[in-house]
Amino acid sequence: MCCDREVFGLGNTGACCNGGHSTQICYTRTKSCTQSSTQSLTQPTVGQNWSSCSKPCRVLLAAVLFGVVWSITEDECLPGGNLFGITILFICAVIGGKLVALIHLPKLPPFPPLLGMLLMGFLLRNIPVVTEGVYIDFRWSASLRNIALAVILARAGLGLDPKALRKLKSVCIRVAVGPCMIEACTTALVSHFLMGLPWVWGFILGFVLGAVSPAVVVPSMLLLQKYGYGVEQGIPTLLMAAGSIDDILAITGFTTCLGMAFATGSPGYNLLRGVLEVAGGMVAGILLGFLIQYFPSVDQKHLVMKRSFLVLGLSVFAVFGSGVAGFPGSGGLCTLVLAFLAGLGWGTEKALVEEVVGWAWDVFQPLLFGLIGAEIRVSALEGDTVGLGIASLLIALLVRVLFTFVCVLRAGFNMREKVFIALAWMPKATVQAAIGSTALDMARIKGDKQLLKYGMDVLTVAVLAILLTAPVGALIIGLSGPRLLQRPSNSASAERHCWCCTVRILD
């Protein structure tokens, strides 16, 4: 029996205990493979130990933890302090997500929990008494949201499947690139004339809105796959595969325009600077990606945790370090490239790293959406901004849906399937929350009132896009899928194809 390297988080030793070249390694780690397997089955995990702890024990542990943190930070742990505010926001966001996830309608995909997280942050910010106690300094908020952005980008890079990318047909490329670009350009044009945004800020808003949300599309597609709808035509697989490219394209365009918006100089210089930031981000990502392909070496202990730490650590460093260096547009692309190349070198073992990065996302997702909701103050909103923002959003969505329909005209789908693909390609949530406030954070650092207004306009429209398109998109997919998509005539065939060819993308 071969040693199970996944249990120990180690690399491929290329040998078995029964006659391999690395018997000594297996012996020193487990003494015997049989004994190792028995221990892995019988030894309780950390989660099991915690779940077996009694309620009084949990209360005592929590009280001791609070006492330790309070003794170190003092007022930061009390109402009005940053740590208190972050803790309350996190707990409320988790509760809000759980409550929304409980809403189930027959044969419809569940509502995305991120809506509950977003609404909880919004309520905490706009209830007068609560707002005074739940205070989070904007620097703390911006830092946490940037960390969440780094985690999202790392997941996006690791989630790209090179084999699937090589096999993508032209229709998948068209669906991934065309609608995103046309929506970004439409939003820039409309927001420039309706909302008065400068062209570069219009494109910032356009690329924020141009990304489709995997948090809404993927669960909906998996539910349709479960019942066999569109499986023979490959529609769920097509949309999930194209979604990763769509999101990466939007993030790359956003970071490029962001660097141009905050650069000082002539338009030609700013354009050249944007191109250089993209090139610099790619070069840095390639170097770092190849570095962590080989370091740490595969014969080291706790390999998965070391790799996960390096991916997350370098991702956070790239996002923050690019801002410190004065090239904010290069950090996001650097993170995407390094994570993709690292996963490419690790092969099948990258799945274990993806799992650890997924744990990090489980922590930062409530913080991200809660903090985004908390950025919106009802008292500070202008009716014109909200109205014109919704108008810009709806016009851009209409153009996106129509252009998506055009992109699949010669793809071998019937009319009903083309309509479904066009409608399913509009929900927005995760990427909008991740990058929607980045421009506002940079404007706050600059201290320019005009830039602050532009940044708040971008964030307001991003939040409106989440609130309007995430639930509506989930309902449209759930209601139109069974009516517009074909189901295999053989139910066994439907079960056989249900979960095949699923591509991992952003959650």
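Colleagues, the protein contains 24 helices and 0 strands, where helices (H or I, at least four residues) and strands (E, at least two) are DSSP runs numbered from the N terminus. This is a predicted model, in which local features need pLDDT of at least 70 and side-chain atom pairs count only at pLDDT 80 or more, while totals for chains, interfaces and linings use all residues. Residues are numbered from 1 along each chain as its sequence is written, and side-chain values use heavy atoms, with hydrogens and water left out.

Of the 507 residues, 50% count as buried, that is, under 20% relative accessible area with a 1.4 Å probe, protein chains only; exposed is over 50%, and partly exposed lies in between. Contact means heavy atoms within 4.5 Å. Among contacts between residues at least 6 apart in sequence, 78% join residues at least 24 apart.

I turn now to one helix pair. The axes of helix 16 (residues 303-324) and helix 17 (residues 328-346) come within 6 Å and cross at roughly 160°; axes are lines fitted to C-alpha atoms over the stretch in contact, with angles from 0 to 180 degrees between N-to-C directions. Helix 16 is therefore roughly antiparallel to helix 17, a term for angles over 145 degrees. Residues making this contact include Arg307, Val311 and Leu314 of helix 16, and Cys334, Leu338 and Trp346 of helix 17.

Finally, Ile95 lies in helix 6 (residues 82-101) and is partly exposed, with a relative accessible area of 42%. Ile95 and Gly116 are 21 residues apart in sequence and 7.9 Å apart in space, C-alpha to C-alpha.

Note on methods: Angles under 35 degrees count as roughly parallel, over 145 as roughly antiparallel, 65 to 115 as roughly perpendicular and the rest as oblique.
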